[in-house]
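Please look through the model below before reading on.

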Amino acid sequence: MEHDLTFQQIKERVELPEILTHYGYALQKGEDLGKGKWHVFEGDDKLVVFKGRGGDWMYFNSQDDRDKGSVVDWMKNRVSTGRVVGIEQLPGRNMWQSVNDHFRAYLNLPESERPRLTLPPISETTPGEKFHSIYTKDCRPLENTTFLESRGITKTTIENPQFAGRILNQLHTVQREGMPAKTFVNTAFPAYHDGRVVGLELKGEGFKGQAAESQFARSLWLSKLPEGKPPTHLVVSESAIDTLSYAQLHPGERVLYASTSGTLTQNKIFEMKRLLGEERIPAIKSAFDNDTQGHHFDTRLLAGFASEQNPMKVVREHEHLLTVEVTTANLASMQAVTQQLKSFNARTTEQYNRESGEPVSPAIAQTLRDELISSARQGPNTYQFHVPMNREALGAFNQAIAQSLQYDQKIELVKSQGKDWNEDLKQDQMQRVVKRELGSAVTQQPEVPATARDKGERLLTIAYRESRDEMSQLSTLQQNLEKVGLSIDHSRKLDNAAPRELATELTLRYRLDSPQLPAISAALDSLATNPKVTVNEGMVAQTERRQMAGEQEVAQQQKRAEQQQLQPSDSPGHDQARRVFINAAALVAQTLRENGGGLQAAYLQQVSKSLLKQPEIKPLDQENLVKVLAKVDQVPALKDSSSVGQLRQAMQVLLTPAKQEQAQAQQPERRRGPKLS
């Protein structure tokens with residue numbers, strides 16, 4: 001039997017720096033990154049060598065996180081990979097025997113053939129400390145906060161103990177030929193994995209980058225744990241700036257903060273799970289950006305955290321479509337998900353039909369189909385969902401999943417009102433400045449719009465309230481308002497919001513001579529019926545708006561009638577009824593607008609437009625006309641209107657299919673037989 005050489009004996013007799021030198025590694029000259037904490041050797045890879053607890057030599061590969069440990073681990077990893085010439089698994093020997101064989105051969109070398117290094121003494125390295133300086137060699141404690149403050153981050157936030165040591169300054173010197181050296185000061189965010197720094201994210205004015213060899217695919221930027229009681233949540237966002245912005249906007253939360261440096265991989269999700277488990281954090285807040293990518297990250301996170309009872313995975317990520325598969329035996333949960341997705345599809349379809357100007361058809365247009373969420377049952381308990389890659393569809397899907405499926409940790413999806421939390425922070429600060437500088441004049445501005453009135457413009461404000469627990473629709477509302485022709489002067493958060501509520505005030509502007517005034521007026525009247533919205537508009541301004549919108553609509557309809565002739569059908573009776581309807585509808589619509597019925601007036605306009613091309617009223621138009629007539633009955637000015645009577649008579653004809661009317665007209669008169677006595 002061969003002489004035993006135990007692994008402990010190897011650790012005691014073999015100096016790791018010397019065996020590295022023997023196999024061709026070179027000590028980096030002038031390497032003082034650790035200031036007496038470690039050495040760096042470079043060969044076929046770069047190794048950081050240090051003294052672990054107990055005084056044993058340890059190492060890690062800065063380019064491969066799996067390659068680390070003691071001198072025995074170093075040899076074992078080379079035997080198994082063959083990455084170093086002269087180290088391999090020997091014929092007829094298993095891996096561990098080969099490890100011992102190579103160490104025995106090394107120890108049996110004459111003293112003259114074994115390298116002897118004179119290295120500066122180094123002390124033991126505490127856990128985590130050994131990894132810092134390899135990435136932060138040019139870093140200093142945070143002193144220059146110019147970049148952070150330019151992004152709205154205050155000194156109070158920067159000095160929060162949770163961020164101490166987690167934000168640094170990095171000095172980068174550039175030397176160009178014939179020019180004096182110039183040193184730039186960047187803001188640096190260390191990236192952590194398993195308690196160790198494995199990368200560095202760099203930010204500066206007009207610059208962003210990373211330290212060489214940073215390993216962002218598996219790491220997170222992290223704050224420190226809050227002092228005292230354990231955190232209630234892990235809050236994760238896309239960037240450290242967004243995380244700091246969130247913390248500033250939500251002071252007092254007992255949370256651990258994290259950011260993913262703009263990407264979300266499965267390894268990052270594994271790291272989040274490790275943090276939740278080790279620190280016993282019961283919940284996670286997904287605070288990614290309020291854009292398509294941010295909602296896509298939410299989907300990935302929900303899939304990554306899915307429990308064993310209902311596993312969920314992203315099957316395919318296409319540029320325009322995301323395919324997600326959920327397996328669960330809980331039928332009630334899937335019914336709840338399906339119901340919410342049906343509601344989303346119904347809202348999307350209604351919006352499309354209202355804006356497309358196309359007749360409603362049982363066949364779904366491809367343009368609309370591309371925006372709807374579809375699903376299919378793949379097996380007894382397996383369901384597949386096809387989600388369009390847009391913010392609204394992904395948001396609706398994620399909310400349905402988060403609210404209906406079972407998770408081991410509570411998952412909350414929280415979203416900024418703007419694109420990201422830093423945008424919200426800047427908006428909040430701007431509103432505070434305006435409020436401080438102008439005082440009460442901010443809220444009075446819409447009430448005294450003398451300057452705007454002189455220019456033919458009108459100002460008003462609306463207050464929009466929504467739950468923090470639901471996906472914010474503020475951005476969609478703003479887009480829709482701008483789409484109809486309203487300008488948004490500014491927005492500000494209201495202080496009188498209820499618990500778990502977001503309240504925002506928007507100042508709106510429009511011109512009375514705008515060709516979009518009818519659409520603007522209809523939109524404002526529709527807002528007044530929305531339970532989430534309060535419209536603050538003077539009675540005089542409201543009456544003026546409705547009257548001028550009605551007059552403009554009549555003029556536009558007359559112009560359209562001159563330009564767009566009625567397409568004749570095979571039914572003269574229907575064609576006459578169409579003309580009567582269109583003329584009467586124009587007058588009724590004007591009166592409706594003057595009395596708060598802008599939405600119903602728009603319905604009439606849409607039906608009139610349809611009747612220019614088709615001889616009868618379609619089912620969806622019938623539903624809208626029921627709403628119109630309900631509003632007509634509530635308007636005193638239309639009580640005895642002859643136009644309303646003409647409208648109703650024309651509707652009776654147009655609700656009869658044209659072919660049926662034509663068939664009745666062509667039916668021959670029945671001959672009478674002789675009278676029987």
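This is a predicted model: local features need pLDDT of at least 70, side-chain atom pairs count only at pLDDT 80 or more; totals for chains, interfaces and linings use all residues.

Residues are numbered from 1 along each chain as its sequence is written, and side-chain values use heavy atoms, with hydrogens and water left out.

The protein has 677 residues, of which 47% are buried (buried means under 20% relative accessible area, exposed over 50%, partly exposed in between, with a 1.4 Å probe and protein chains only). It contains 24 helices and 23 strands, taken as DSSP runs numbered from the N terminus (helices H or I, at least four residues; strands E, at least two). Of the contacts between residues at least 6 apart in sequence, 64% join residues at least 24 apart, a contact being heavy atoms within 4.5 Å.

Helix H20 (residues 572-594) packs against helix H23 (residues 642-654) at an angle of about 145°, and their axes are 8 Å apart. Here axes are lines fitted to C-alpha atoms, for helices over the stretch in contact, and angles run from 0 to 180 degrees between N-to-C directions. Residues of H20 that meet H23 include Ala 577, Phe 581 and Val 588, and among those on the H23 side are Leu 647, Ala 650 and Leu 654.

The structure holds 33 salt bridges, each a side-chain nitrogen of Lys or Arg within 4 Å of a carboxyl oxygen of Asp or Glu. Arg 274 takes part in a bridge with Asp 194 (3.6 Å, N to O). That pair links distant parts of the chain, 80 residues apart: Arg 274 is in helix H9 (residues 266-278), and Asp 194 is in the loop between strands E8 (182-193) and E9 (196-204). Asp 194 counts as partly exposed because its relative accessibility is 37%. Arg 274 also meets Glu 278 in a salt bridge (2.7 Å, N to O); both lie in H9, 4 residues apart, about one turn of the helix. Glu 278 is exposed, at 52% relative accessible area.

A further bridge joins Arg 465 and Glu 501 (3.4 Å, N to O).
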